[in-house]
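This report describes a protein for a reader who has not seen it before. The sequence and the structure come first, and the description follows.

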Amino acid sequence: MGVIEKVPAKTKAASKAKPRPKKEAVKHDLPLNKILRGDCIAEMRGLPDESIDMIFADPPYNLQLGGDLVRPEGSTVDAVDDDWDKFDTLAAYDKFTTEWMTEARRILKPNGSLWVIGSYHNIFRVGAILQDLGYWILNDIIWRKANPMPNFRGTRFTNAHETLIWASKSEKSKYTFNYRAMKTLNDELQMRSDWVMPICGGQERIKRNGTKAHPTQKPEALLYRVMLATTNKGDVVLDPFFGTGTTGAVAKRLGRDWIGCEREDNYIEVAEERIEAALPLDESALKTMQSPKSQPRVAFGTLVETGYLDAGAVLTDKKRRWKAKVRADGSLSCEGEQASIHKMGATLQEAPSCNGWTFWHYEDEKGLQPIDKLRQTYILATEP
């Protein structure tokens, strides 16, 4: 008989040993601020796992238009008829969508997010595949075009919008959402999920030899809002369908790193020229309004002692019902009472509480301003 060797039992330490954590990709592993020339699926396969903060995708819409679209006066509409937008069957389009979205999910960081834009031709198929792959939909955004192309045939409603899906990598992802920045951008109102913006035109529309360089060039304002809302300075943004480089140009302006995938040489040439000419915003302009949870605490008295608001200055509520004088210690004096900005506002309104930062206002050359504006100015001026 053969000798049976006794396999040593695992030691107690070995049995409790944890698997090695996955090596986190660092920025120097990535082709930052470069266009990867080739098919997006193949190019994404060459990127490290969990290395991208946000992906913005403007994939082919699979329009499959039947024949030319003619205006009433007889001219032909410059529509999408490029080969990159053509698929033999819906099944072929679904397979393509599944493949690029699978790679996108692999390279997204655990708390990363994906944006994908489309029309009624493709967005519902894209959304279903996205959910099947484990993404978690956060919002659908309607981009309502302020100047849509009319329906020249008069056979349907004018198609005046496109849909964006914003999704996190998973249900438990702690994704980035700069709520305060969006509220500030929207004149102190919560940003809604319907965005009214014009389609790309005028000087922004890139042309070569008198014709559009790209048939579906997106306006920079759209990417600006997307990036400002869901990324932070220094984040890495990937666009797998880079086109003429709108994502790269806006990323450069906002201080984000970018990576683009594009296989069409003529688009790459336009994108490189465009991004080279893009000017980054001044450092101070990049500091966006922070969410209340992440704001450093600033006492009202700090604004007084640093000269942002003088002792003796008079504050009023927005409707000018009450006037209160600022005291040297940062309290307010009104109708013979002294209290903090919050307690004074609550007392005067006979309310249980009051946010004094938004209740009390000072006046400058532009009219009444909430004292929170001074607080934000102080925060921006004193941040490292």
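## Terms and basis

A contact means heavy atoms within 4.5 Å. Helices (H or I, at least four residues) and strands (E, at least two) are DSSP runs, numbered from the N terminus.

This is a predicted model, in which local features need pLDDT of at least 70 and side-chain atom pairs count only at pLDDT 80 or more, while totals for chains, interfaces and linings use all residues. Residues are numbered from 1 along each chain as its sequence is written, and side-chain values use heavy atoms, with hydrogens and water left out.

## Overall content

The protein contains 13 helices and 16 strands. It has 384 residues, and 43% of them count as buried (under 20% relative accessible area, with a 1.4 Å probe and protein chains only). Its accessible surface is about 22000 Å², and carbon and sulfur atoms account for 51% of that; the area comes from the Shrake-Rupley method with a 1.4 Å probe.

Of the contacts between residues at least 6 apart in sequence, 68% join residues at least 24 apart.

## Helices H7 and H8

Helix H7 (residues 246-254) packs against helix H8 (residues 265-277) at an angle of about 15 degrees, and their axes are 9 Å apart. H7 is therefore roughly parallel to H8, a term for angles under 35 degrees. Axes are lines fitted to C-alpha atoms, for helices over the stretch in contact, and angles run from 0 to 180 degrees between N-to-C directions.

The crossing of H7 and H8 is right-handed, that is, the near helix is turned clockwise from the far one by less than a right angle. On the H7 side, Thr246, Gly248, Ala249 and Lys252 meet Arg274, Ile275 and Glu276 of H8.

## The six-stranded sheet

An open sheet is formed by 6 strands in the order S14-S13-S12-S11-S15-S16, with antiparallel pairing. Strands S14 (337-339) and S16 (367-370) are at the edges with a single partner strand each, so one side of each has no neighbour in the sheet. From one strand to the next, the twist averages 40 degrees. Two strands pair if DSSP finds at least two bridges between them.

Strand S11 (residues 314-317) is joined to strand S12 (residues 323-326) by 3 bridges. In S12, Ala324 is the bridge partner of Leu315, and Lys323 is that of Thr316. The two strands form a hairpin with 5 residues between them, and Arg320 in the turn has a positive phi of about 60 degrees. S11 also pairs with strand S15 (residues 360-364) over 2 bridges, in the antiparallel sense; there, the partner of Thr316 is His361.

Helix H13 (residues 372-382) lies across S15 and S16, at about 60 degrees to S16.

Conventions. Buried < 20%, exposed > 50% of the residue type's maximum accessible area, 1.4 Å probe, protein only. Parallel < 35°, antiparallel > 145°, perpendicular 65-115°, else oblique.
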